[in-house]
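Q: Could you take a close look at one part of this model for me? I would like to follow the strands and the charged residues that go with them.

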Amino acid sequence: MTTDEVLTLEELAAFLKVSETTAYALVRAGEVPGRKVGREWRFLKARVVDWLMRAGTEGDDMQGMGFVQRDELGGEFKQEGGQEYVALWLPITREEKAAQLDKAAREGVNVSELVANYLREWVKA
């Protein structure tokens, strides 16, 4: 595949390693450079590669659009709706996670609150 190749929406999704739904959402939001030809979308691979290379740079349109970024310490975060969300790796097994989610559903409580309580208990231990 050369960089002057034209990609379809399906090929774009495969190239970006995302679902077609995600690729289409990026296109509709004007994030990915492309053009509608008739009823179909087409993308120059070179422009898509350039768009990817700019990701996370100052002034990039992706800032604030809910894309995961890394800070200077390697931590993951995203900005969405004017708020910053920080990724948190929890010290629990998948079974413990499933149990916490089940408990939240049974008790009708916010999962974030339940996780915060779990972490408070974990720190005490």
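A: Here is a walk through the sheet, its charged surface and a salt bridge. This is a predicted model, where local features need pLDDT of at least 70, side-chain atom pairs count only at pLDDT 80 or more, and totals for chains, interfaces and linings use all residues. Residues are numbered from 1 along each chain as its sequence is written, and side-chain values use heavy atoms, with hydrogens and water left out.

Let's start with the sheet. Three strands (DSSP E runs of at least two residues) make an open sheet in the order β1-β3-β2, with antiparallel pairing. Its edge strands, β1 (6–7) and β2 (35–37), each pair on one side only. Pairing needs at least two DSSP bridges, and β2 and β3 have three, in the antiparallel sense. Across that pair, Arg 35 stands opposite Arg 42 in β3.

Strand β3 covers residues 40–44 and includes Glu 40. Glu 40 counts as partly exposed because its relative accessibility is 42%, between the limits of under 20% for buried and over 50% for exposed (1.4 Å probe, protein chains only). On the surface, Glu 40 gathers with Glu 10, Glu 11 and Glu 20 in a patch of negative charge. Such patches take residues with over 30% relative accessible area and no salt bridge, joining like charges within 9 Å.

A salt bridge here means a side-chain nitrogen of Lys or Arg within 4 Å of a carboxyl oxygen of Asp or Glu; the count is one. Glu 121 forms a salt bridge with Lys 124, their closest N and O atoms lying 3.7 Å apart. Lys 124 is exposed, at 66% relative accessible area.

Definitions and conventions: Patch = residues over 30% accessible without salt bridge, like charges linked within 9 Å, V, L, I, M, F, W, Y side chains within 5 Å. Areas by Shrake-Rupley, 256 points an atom, 1.4 Å probe, with all protein chains shown as cover. Lys, Arg positive; Asp, Glu negative; His and termini not counted. Charge placed at Lys NZ, Arg CZ, Asp CG, Glu CD. Helix = DSSP H or I, 4+ residues; strand = E, 2+ residues; numbered from the N terminus.
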